[in-house]
Amino acid sequence: MNIRGRVRAGVARALTCVLVGIAPLMLAAGTAGAADTGAIGFAAGAEYIGEERCLACHKNENDNYSHTTHAKAFRLNPRNDLERKGCEACHGPGSRHANENYADKSLIVSFTREASKPGEIRGERGDAGNNGPVQINAVCLQCHDGNQRIFWRASAHQSNGLACTDCHNPMAKFSADGLQKTNSISETCYSCHQQQRMEFRKRSHMPLPEGKMSCADCHNPHGSQTKPLLKADTLNQLCYSCHQEKRGPFLWEHAPVRESCANCHTPHGSNQEKLLTTPRPFLCQQCHTHTTHQNNLLTQANTAGGAVPDERVIARSCSTCHAQIHGSNHPSGVRMHR
Amino acid sequence: MKNRQTKFALLPLVAMLAVMGSGRAYADSAVGVDTVLGNVLLPGGGDAVRGTDPQGFSLVMGGKGPSHTPSGQLYLYPMLTPAVNATDSGWTWSGSIEAGYLGGRVDTRAAGFREYADWRNGALLTGFELSAERPDNALYVDVQGSAPGRDDQFFRVEAGRYNGVKFSAFYSQTPHVFATNARPIWNGVGTGSLTLPAGLVAGTHTQADAASYAALQAAVANAGETTLNIDRKKVGLRVDAPMGERLNGFFSYTNERREGERPFGGGFIFDFIRRSASNPVGFNVLGAVNETVEPIDYTTHEFLSGLRYVGDKDRLNLTVAASLFRNDNASLTWENPFSINFGAVNANASTWETGRFALNPDNDAYNVKVDYARMLPMQGQFTAVLSTGRMSQDERLLPPTINDGVNAFGVPASYAALINGYDTTRVLSRQRADARIDTRLADFGLSLSPLQDLTVRAKLRYYDEDNRTRYAAIDPNTGIIGYPGLDYGLPGVFGANFGFYNAARSNNIHYISIPTSYTKLTGTLGADYQLTRLSQLGATFEREETERPYREVKDTVEDRLKFAFNTRAFDRSTVRASYEYADRRGSEYRYDIYEQFYTSSRDDYTGPTPIHTLAELRKFDLADRRQQVLNLRWNYMLREDMDAMLSMQHKLSDYSASDYGRIGEERLDSLNLEWTYVPAPGSSFFTWYSVQAATQKQGNINQGVAGTRVSSHAGVDAMYPLENAWTAGMRDLNHALGLGFTYDFGWARVESRYSYMWSVSRQSYDYVTAEAATVGSGTNETQSAAMAGTEFADMRYRQQVLETSVLRPLDKHSALRFFHRWEKRNVADWHYTGLDGSPLIGQKLYLGATPEDYNVNVFGVFWQYSL
């Protein structure tokens, strides 16, 4: 049995172990709570008072909120009792907030940093237990669990303590879609991923700054089965979403190309042409040293304006002759020439 | 053009699922692309006419300052809400429009300025939006668009019922300009056939004949500038339908056309070879290198359908995807102007008039995927992903060459006769590609919190990519193994041994395709421990085993250990930090792994043991590597209305175990700072700065030239004398700065943003003796140290953009916006140094598509109206 067979057998055994091991838990799932509703704390004794009571004070908030998807759905076509609660669907029962001390946001569920100040022990004095991301996310997941967020739990963003409201602001319409906290998906992502903001300004970049793509074209910020939150099974399958012509398969494959586009390209921006990690021909020479012309040191003398111009340096460099570098479908294309 | 036989094998299935069956034709964060419809003037799409609400967030308690996200970043003040108009029919509606004129030095031809945007002078409808709804039955319609008639236009329509069925459609266009200064000499640019202009005769022009070369020079000088660009035009439809409270389905179809052309290659044979130092551009010993133009005429049909179920304990996503790619050009044929001459003056010339590429074949891809999650006790969750896919193509193959035979010096007449006639598919071992790759994914995850403060995580992932493509270059009629590489250029110039297995069975050629496949098994164990209520420490161990049957390292194992820490325990801060150490190692390095696909592996092979490569070189994607990555993010709330952020990354990849290939330490260090101040609704100030430095090093050995071998490299043969060893290094440095403000002066609102990007990339090299800089085998050229130098000219890139809008309200509904954008770019790239003068260098013909500097001012006047 080759290693592929052994790997498959190993996976089968591992899967069996996993399933047997968690079977009791799966069977006991009847005792599990839906979503994370247990993480949501309400002020002790608080009761639902209805949206009209909220709007009596929060007119300005309502003016902004009324134009959001949430408001439209909750008010015009609620799917369930929770949505019919309007403001209190997310903020919890508001009687104590309204009747006792409207300045004390701890008496309702709140979603901002100000409402979950450190140093205060929440939930132990009968307040709403505003403890930050855990409660915030649990509130949102009451409706938004599953679907695009099926892998939210244990995802990179969840395990790093991000809250839904770190990226979204459901109280007003800032963005065309998705109730982002800024006017675009990419700007929202840049607010933490500043390195990528800079990289997208390099000489070669995908058209994010020009508004023709967003980070979410490639990444699912709500979690995926891959570590970099990719929206496909592998990096290459993700790249093929837009570059289908590179998918092939080809008669003659270029091995590192088939395995990972990132072997040669850096997706967020490069100072080289075509998002390359390293200038040609040096990129090619990091692997190729066959006994013909591949391992010669090319120098500044080999530029078009140099003493000895050489096609391996000029313009497309190696790709001038090896033009089908992503794979060739020509019967004589073994060297990617045709 | 070829027949377009689109196979819609899955259409009935996806249609059925569509009938069975939330989201839009765009903006699904889990599957598909098209998550934004925008352009350079409306990067996030949406409404072009919206100011900030002067009342801010709230009027409760006399109003309050901006709030912060849980991590401590300022929220923006909300935008003004659009006025809603009522009608007697029960529909309410609102809308806005911005239109005007764009002018100034906007028509610059610099490709960089127009790469992804359309800045043409003229009338411009910047954006419009019309929304209508009928509250009594929750119906709505929303229409948006921007820049009609321009290359970066987009439109979208969405209609449906809130919390109900939703139909959406979009159209989006994206320009991709490669060059505006290309000067191809051929007729037929943008088609599959490039022919030389009148006055030039294919296969005849050579430096050995001054008159014929002068004719070519004249043709090059007379070639007009041509824009090479691709337009992406994509239309999409999607329906989302809830089927009860727990189940919803969706179906989408997108059709994308890509039309245009891009710079491409086209070699017949080296031009650098055999030149001498006294005759550096070559003379009498001449090749043929062409930079051509590839036609792009692609159509892609994408079908995406799914069901999503959310139960109390179980969640399930079923997704079916089909992607059908069609290329209207099966091949690119071009006429080669050059005569190839490898002998004495005007002797031994070869006249290959035409070359032909096989362009990207039509291909199909299908994928079925099931995501499942089940809630468990102890705040646990079990997840499983099963996915299977297939990528395939069965394109009709081209003949091995477009030329009818070898016609050159160095090929015995008897053998030439034997290998002539490869311009037919009869010599192919099969007529169609029959290429296929199957993919399988199984991924299982488990997370549990056995203790209140402890969460444990486990994950097992199996991915397999099985390449089922098998092709052998054997003529079924004669049994001859091989192919006329470079349309007979290779066997013609270097002899029949290059490309064809000779009668003596003594030469080594690659004649069987390599079914590149791999299998990856990844296991992860991790735990997060709640140190305090607001601080968490995590540790994760991951092992990834990869098997690549046909790569130099059959089995690699990478162990990764990661620690992560995040805390909100500080009054004004959130800190997130992580450190990962990874160690990748592999089984024996098989530098001759590909031999099984070469004739040297055949039983009848009689030649010497072949030398495939420098045995000590380690391909970097498989090489032993130790890697450390440190990440830090620190948010700090300076004041209620001011925040700051610092982030950094240090990445160190150690290839010290490799003597050649990528070697030493590869570094990437980034530091980013940001400051934001929002004193009042309508006023904001920001600045950010990033610096990034990267280094990379590599080594190689220039093989010995016959008669110049000095010593043997231990363990290999005399082909790689250590004296010819060389190293090269890349140093990359980037600075980026952004700053801007929005301020309402009462009489007008001013918004201005400036960004500055400065990059320099230096490629240096070092060698023991000047022989390392000898152009390779078969040449007579040796560069002196003075000629070779130690580095290329710096590759530089600098871009500045200053964009300002002054918005002057006219009345309650309308305003004037005065717009200015200054953009300046300077770029220097040694790949193109010297090409500005003439794209004809020796017997190398280029497009001359050099990157251009530009300095552009764009002015616009727009009228905004809110309906």
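Start with chain B, whose mean pLDDT is 89, with 89% of its residues at 70 or more. The term pLDDT is the predictor's confidence in each residue, from 0 to 100. This is a predicted model, where local features need pLDDT of at least 70 and side-chain atom pairs count only at pLDDT 80 or more, while totals for chains, interfaces and linings use all residues. Residues are numbered from 1 along each chain as its sequence is written, and chains are lettered from A and ligands numbered from 1 in the order in which they are written.

Stop 1: Select residues 3-26 of chain B, where the pLDDT is below 50. Beyond near neighbours in sequence, this stretch has 58 contacts in the model. Two residues are in contact if their C-beta atoms, placed from the backbone, lie within 7 Å. Next select residues 280-284 of chain B, also with pLDDT below 50. That stretch has 18 contacts beyond near neighbours in sequence.

**Stop 2: a helix.** Select α3(B), residues 210-222. Helices are DSSP runs of H or I with at least four residues, strands are runs of E with at least two, and both are numbered from the N terminus. α3(B) has 13 residues and reaches 18 Å from its first C-alpha to its last, close to the 18 Å expected at 1.5 Å a residue. The expected span is 1.5 Å times one less than the number of residues.

Which residues of α3(B) are buried? They are Tyr213(B), Leu216(B) and Ala219(B). Buried means 20 or more other C-beta atoms within 10 Å of a residue's own, exposed means 12 or fewer, and partly exposed lies in between; C-beta atoms are placed from the backbone. Look down the axis of α3(B): its buried residues fall within an arc of 115 degrees, so they line one face of the helix. The arc is that of the directions from the helix axis to the C-beta atoms. The face turned away from the buried side carries exposed residues, including Ala210(B), Ala214(B) and Asn222(B).

**Stop 3: a sheet.** The cover over the buried residues of α3(B) includes β36 of chain B. Follow β36 into an open sheet of four strands, ordered β10-β12-β37-β36 (chain B), with mixed pairing. Two strands pair if DSSP finds at least two bridges between them. β10 (267-269) and β36 (840-841) of chain B each have a single partner strand, so one side of each is left without a neighbour in the sheet. Now select β12(B), residues 288-290, which pairs with β10(B) in the antiparallel sense over two bridges. Gly267(B) has Val289(B) as its bridge partner there.
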